[in-house]
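This report describes a predicted model. The sequence and structure are shown first, and the text then turns to how the parts of one chain are arranged.

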Amino acid sequence: MKRFRAYNSAILVALVMMLIFSSTRVSVLSAAQGSKSSDVPAGNAENGKRVFTNHGCYECHGREGQGSTMTGPRIAPDPVPFEVFARYLRKPTGEMPPYTAQVVPEQDLADIYAFLRSRPHPPAAKTNPLLK
Amino acid sequence: MAKSRKTPAGRRDFLKSVVAGAATLAAPAEALPARPVAERPLHAMPLLPPLIETDPPADAEVLTLDRSGSDFMVDVMKSLGFEYVCAVAGSSFRALHESVINYGGNKSPEFITCCHEESSVAMAHGYAKIEGKPLCIFAHGTVGLQHASMAIYNAYCDRVPIYIMIGNNLDATMRDSAYGEWPHSVQDAAAMVRDYVKWDDLPISLQHFAESAVRAYKIAMTPPMAPVLLVADSELQENPIPENANLHIPKLTLTTPPQGDSGAVAEAARLLVQAENPLIVVDRYARTQAGIELLVELAETLQAPVIDQAGRMNFPTQHPLNQSNRRGAAVANADVILGLEATDFWSALNTMHDQVHRTSRPIMKSDAKLISITTGDLYTKANYQDFYRYTGVDLAMAADAEATLPSLIGETKRLITADRKRAFQDRGAKLASAHERALEQARTDASYAWDASPVSTARLCSEVWAQIKDEDWSLVSILRHFSWWPLRLWPFDKHYQYIGTQGGGGIGYNAPATVGAALANRKHGRLSVSFQDDGDLLFAPAVLWTAAHHRIPLLSVMHNNRAYHEELMHVQRMANRHSRGIDRAGIGTTFEDPHLDFAKLAQSMGVYAEGPIDNPKDLAPALKRAIAVVKRGEPALLDVVTQPR
């Protein structure tokens with residue numbers, strides 16, 4: 001087992017990543033609001049959940065796509081537009097490892113995307129007594 | 001040095017006589033055959049009956065003694081104020097052990113029974129970070145120190161004082177194979193850890209021991225603090241204190257931490273006051289509550305943002321100037337950056353990209369001025385690379401940051417004009433607003449996957465907070481694997497509420513360190529709380545027994561993601577990089593088939609435990625029950641099955 005972990009540097013890198021991803025997410029989410037559902041390929045959310053787990057997406061983004069400051073941003077229930085999503089998975093520009101077409105076929109991407117969009121929106125944090 | 005037992009068979013025959021006496025009481029002498037010593041191979045010893053010696057050796061005249069060297073060693077330990085000694089019992093320090101519990105009355109220090117030397121040291125690590133002073137550790141000079149070494153390395157990297165005392169049998173003619181004393185002996189016992197202890201010694205007389213013991217304590221406690229090691233030779237422990245020895249214990253006076261040069265302090269103040277966007281980066285900065293308050297005063301004087309790298313409890317998490325949740329923006333905006341014990345200053349200012357070819361880039365402005373105040377510049381070794389990447393700074397003070405802050409604050413206040421003060425107020429208002437937005441963002445982030453099963457780490461964090469917020473709490477665990485949620489959501493403002501990380505990144509720290517920290521918190525009546533990683537607990541879980549046995553109150557809430565999750569992500573990255581087997585990263589990294597049952601594990605060691613809990617709605621009542629146990633003065637563990645991070 002790899003015992004050494006570059007803690008402090010990883011913390012900072014991850015937080016910077018979060019900022020980068022957060023910025024990306026905000027801008028792309030705005031674009032997503034204007035996108036058409038026809039832009040999104042048909043996907044099977046149930047299979048998407050299975051693939052999301054088997055391909056290790058959950059490791060960094062959580063089993064619900066909720067994200068973590070340390071590992072990867074929130075990607076559900078409002079993922080970036082599918083085109084951006086697919087492009088980023090194939091050729092990420094940040095810390096994410098690449099998911100090439102050799103190991104994740106196009107249909108799996110569509111299914112994962114459908115799974116992410118199927119996740120429930122939480123109630124506003126302000127209404128949650130434990131988050132006040 | 002005493003030489004009263006320097007006949008070749010002195011201690012050996014004394015021991016044989018004791019064994020013979022006990023055996024004689026149990027059975028008629030003629031019923032058991034006598035066996036010569038030469039027939040006692042080490043590996044066969046457990047199979048042989050007790051020895052009976054029909055003819056006592058001629059030189060076995062000394063059977064008892066009033067005071068041995070180990071008694072004096074305990075006097076020395078008492079003079080240094082050790083509350084506890086943590087140890088796995090070992091023959092090479094049996095005299096010290098007996099002197100602690102009998103001569104010393106098992107009080108100051110009290111013997112804490114450990115089940116692994118790594119746990120002994122990590123307990124001392126956690127204790128020191130709460131109490132600000134070291135515990136004592138006993139261990140075999142060979143196998144015990146080997147077990148302890150990773151934990152010593154963690155403490156060394158974390159600049160935490162640990163006081164290690166190891167037994168050894170230096171005199172080859174006094175070693176008894178029956179007790180494994182040959183493989184348990186070593187020429188230079190400290191050699192294997194010398195790279196990561198600050199000082200060590202091998203005293204050869206009791207007076208030498210006293211002086212080295214006091215010196216070791218002083219060195220350990222002088223910033224940068226670090227582990228120290230003394231070899232307590234078994235002959236020195238067990239021999240009688242010589243008559244007319246005239247032993248005395250030197251006075252301990254701790255060294256005042258070094259302050260920054262006055263000219264450099266004045267220059268730093270000038271740069272900070274003139275800066276449009278100064279920034280303070282802290283890591284292993286605050287040693288005391290006063291250190292936190294000084295940093296608040298400096299930040300408020302300048303209305304400067306603070307980025308806390310979380311090596312210590314440095315700055316109140318919900319202070320408006322705490323910008324740790326938006327550090328990238330804060331660093332990018334800064335024109336003067338002050339690093340206070342910023343161990344890894346480079347990573348605060350740059351990013352590294354972990355793809356096939358690792359690349360890095362600065363996130364700070366190219367013309368930003370850098371100031372560092374750190375004891376790291378006073379003490380560096382070469383072999384282990386815990387000094388991190390070199391950072392070219394504009395002003396470097398080789399000094400203790402906490403000790404330097406009073407003069408820096410004074411000089412800063414002296415330079416502030418009315419114009420600058422107005423500018424500072426405007427800056428502070430913007431920072432307060434940014435802090436509030438970041439806090440709201442953290443709460444929003446926490447709301448996602450709220451009802452998920454496995455339980456989200458944010459939900460778990462919030463459920464625990466709901467139960468402890470009105471207590472005098474102390475969060476004693478590392479938080480990195482827990483997405484730092486508590487630091488993002490809870491209001492920390494006391495020195496003991498957070499104790500940082502393990503320093504060297506060695507796994508197996510958290511469980512014993514939290515028990516050690518809880519031991520320190522016990523006398524203060526604080527509620528110690530830990531988020532306990534599953535993989536970490538698996539290294540040396542018997543520390544749970546230590547907690548139960550010594551009635552150490554600690555709430556351990558398992559962050560049971562059923563994996564060495566960081567390693568899982570590393571392997572995933574490699575599989576993706578090679579475009580192969582991306583669904584196989586769990587091999588060697590996950591705890592599946594079967595799942596571990598940490599509640600049963602804890603229960604088997606006498607710890608109250610519940611779980612596994614995977615429905616978040618079950619958390620609140622389980623937490624109430626567990627906290628009631630902890631408030632009774634006992635440890636409790638809840639096994640919660642969680643999201644990965």
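The contact between them draws on 25 residues from domain 2 of chain B and 27 residues from domain 4 of chain B.

On the side of domain 2 of chain B that touches domain 4 of chain B, the elements giving two or more residues are strand S2 (110-113), helix H4 (117-131) and helix H5 (143-157) of chain B. H4(B) gives the most to this side, with 11 residues. By residue type, this side of domain 2 of chain B holds 15 nonpolar, 6 polar and 4 charged residues.

Chain B as a whole contains 21 helices and 18 strands. Along the principal axes, the C-alpha atoms of chain B fill a box of roughly 95 × 60 × 50 Å. The radius of gyration of chain B is 28 Å, which agrees with a compact globule, because a globule of 645 residues would have a value near 26 Å.

Of the 645 residues in chain B, 53% are buried. Among the contacts in chain B with a separation of 6 or more, 80% join residues 24 or more positions apart.

Methods
Residues are numbered from 1 along each chain as its sequence is written. Chains are lettered from A and ligands numbered from 1 in the order in which they are written. This is a predicted model: local features need pLDDT of at least 70, side-chain atom pairs count only at pLDDT 80 or more; totals for chains, interfaces and linings use all residues. Helices (H or I, at least four residues) and strands (E, at least two) are DSSP runs, numbered from the N terminus. The radius of gyration is taken over C-alpha atoms; the globule rule is 2.2 Å times the number of residues to the power 0.38. A residue is buried if 20 or more other C-beta atoms lie within 10 Å of its own, exposed if 12 or fewer, and partly exposed in between; C-beta atoms are placed from the backbone. Two residues are in contact if their C-beta atoms, placed from the backbone, lie within 7 Å. Ala, Val, Leu, Ile, Met, Phe, Trp, Tyr, Cys and Pro count as nonpolar, Asp, Glu, Lys and Arg as charged, and the others, Gly among them, as polar.
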